[in-house]
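Q: I am new to this structure. Can you walk me through reading its features?
A: Gladly; take a look at it first.

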There are 2 protein chains.
Amino acid sequence: MQPSANPEFLRRAIALATENVETGAGGPFGAVIVRDGRILAEGVNTVTVANDPTAHAEVNAIRAAAKALGAFTLAGCRLYSSCQPCPMCLSAAYWARMDAVYYGASAEDAARAGFDDAFLYDELRKNPAERKLLPATQLLGEEAWASFAAWIASAHKIAY
Amino acid sequence: MQPSANPEFLRRAIALATENVETGAGGPFGAVIVRDGRILAEGVNTVTVANDPTAHAEVNAIRAAAKALGAFTLAGCRLYSSCQPCPMCLSAAYWARMDAVYYGASAEDAARAGFDDAFLYDELRKNPAERKLLPATQLLGEEAWASFAAWIASAHKIAY
């Protein structure tokens, strides 16, 4: 059961997105993370200004929220994003163990503004060999297992 | 046509992954970014030590490489990862416009060590309504278009 959303938080994310364009700071994307009915962190797209291709609004907001909490998960938090999170950002929300995502514009809207989100979703639905995405090739599979063997055997690991 | 891979760079990524477990710094993942036949940046998983759920080895390496180049894309660079990049990291490599990805262990190997990468790939193949992943709900679609309209109209945007 999806918990109820508060559209005011989404309006804040949309305002951040528009402001980010108006100031010339970055792409038209904003995100807000809410916990216990209050804004815990905000983020805007800073890819170009920060020289960081991962600095989407949602990733920035997730990083800020985790820092604010001093925690590596965001269980109990909800993400409000001005636009449907791309696969990178949706996956980040998943890894952060967030409760829910609410978004305004769709990936198709983003495509009409020149962004590749919809393409990326389509590509991830395909088998790796059929993707037009950058090629990903496995090598040294057996050697690579050694890292996981070390992890499994480790007595002092912090599971996450 | 996939350019040829140099297994020594992948061995370096695997060594970083194993070392990261042995020092207790984080999960069993390492990544190396190569440009013009030389290592430009390296990364290890620092999710728990940095309180950052996005701090996978590949994301850390991509962020470091972009910082080193002073650029927001990594065209001409290849990613070597000790394990098949999760959808977050593969998408990050895509957004960074990298040339190729080479990996050692598979997402299924990661699953055997307790990580959710294979689950996340499976979920992203489904229609949103069928996902067990955190729910993502659209609201205020028309209001949200305003940010893209501002972007399209902006004279001083930096496309990325």
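A: Start with contact, which means heavy atoms within 4.5 Å. By that rule, the meeting of the two chains takes 91 residues from chain A and 91 residues from chain B. This is a predicted model, in which local features need pLDDT of at least 70, side-chain atom pairs count only at pLDDT 80 or more, and totals for chains, interfaces and linings use all residues. Residues are numbered from 1 along each chain as its sequence is written, chains are lettered from A and ligands numbered from 1 in the order in which they are written, and side-chain values use heavy atoms, leaving out hydrogens and water.

Q: What area is buried between chain A and chain B?
A: Buried area is the accessible area (1.4 Å probe) that two parts lose on being put together, summed over both. Here that is about 8,000 Å², with carbon and sulfur atoms giving 67%. On the chain A side, Trp95(A), Phe148(A) and Tyr160(A) lose the most area to chain B, together 10% of what that side buries.

Q: How many salt bridges does the rule find across the interface of chain A and chain B?
A: The rule asks for a side-chain nitrogen of Lys or Arg within 4 Å of a carboxyl oxygen of Asp or Glu. It finds six across this interface. Look also at Arg63(B) and Asp52(A): their side chains form a salt bridge, N to O, at 2.8 Å.

Q: At what angle do helix 7 of chain A and helix 1 of chain B pack?
A: Two packed helices are described by the angle between their axes and the distance between the axes. Helices (H or I, at least four residues) and strands (E, at least two) are DSSP runs, numbered from the N terminus. Axes are lines fitted to C-alpha atoms, for helices over the stretch in contact, and angles run from 0 to 180 degrees between N-to-C directions. Helix 7 (residues 141-153) of chain A and helix 1 (residues 7-22) of chain B pack at about 5°, with axes 8 Å apart. So helix 7 of chain A is roughly parallel to helix 1 of chain B. That label covers angles under 35 degrees; over 145 is roughly antiparallel, 65 to 115 roughly perpendicular, and the rest oblique.

Q: Which residues make the contact of helix 7 of chain A with helix 1 of chain B?
A: Helix 7 of chain A brings residues including Ala144(A), Ser147(A) and Trp151(A). Helix 1 of chain B brings, among them, Arg11(B), Ile14(B) and Val21(B).

Q: Is Ser82(B) buried or exposed?
A: Buried means under 20% relative accessible area, exposed over 50%, partly exposed in between (1.4 Å probe, protein chains only). Ser82(B) has 1% relative accessibility, so it counts as buried. Find Ser82(B) in strand 3 (residues 77-83) of chain B. Beyond residues up to four places away in sequence, Ser82(B) touches Ala144(A), Ile14(B) and Ala17(B), among others.

Q: Where does Met98(A) lie?
A: Met98(A) sits in the loop between helix 4 and strand 4 of chain A. At 6% relative accessibility, Met98(A) counts as buried. Its contacts, leaving aside neighbours within four places in sequence, include Ile33(A), Cys77(A) and Leu134(B).

Q: What is the phi of Asp36(A)?
A: Most residues other than glycine have a negative phi. Asp36(A) has a positive phi of about 55°, although it is not a glycine. Asp36(A) lies in the loop between strand 1 (30-35) and strand 2 (38-44) of chain A. At 68% relative accessibility, Asp36(A) counts as exposed.
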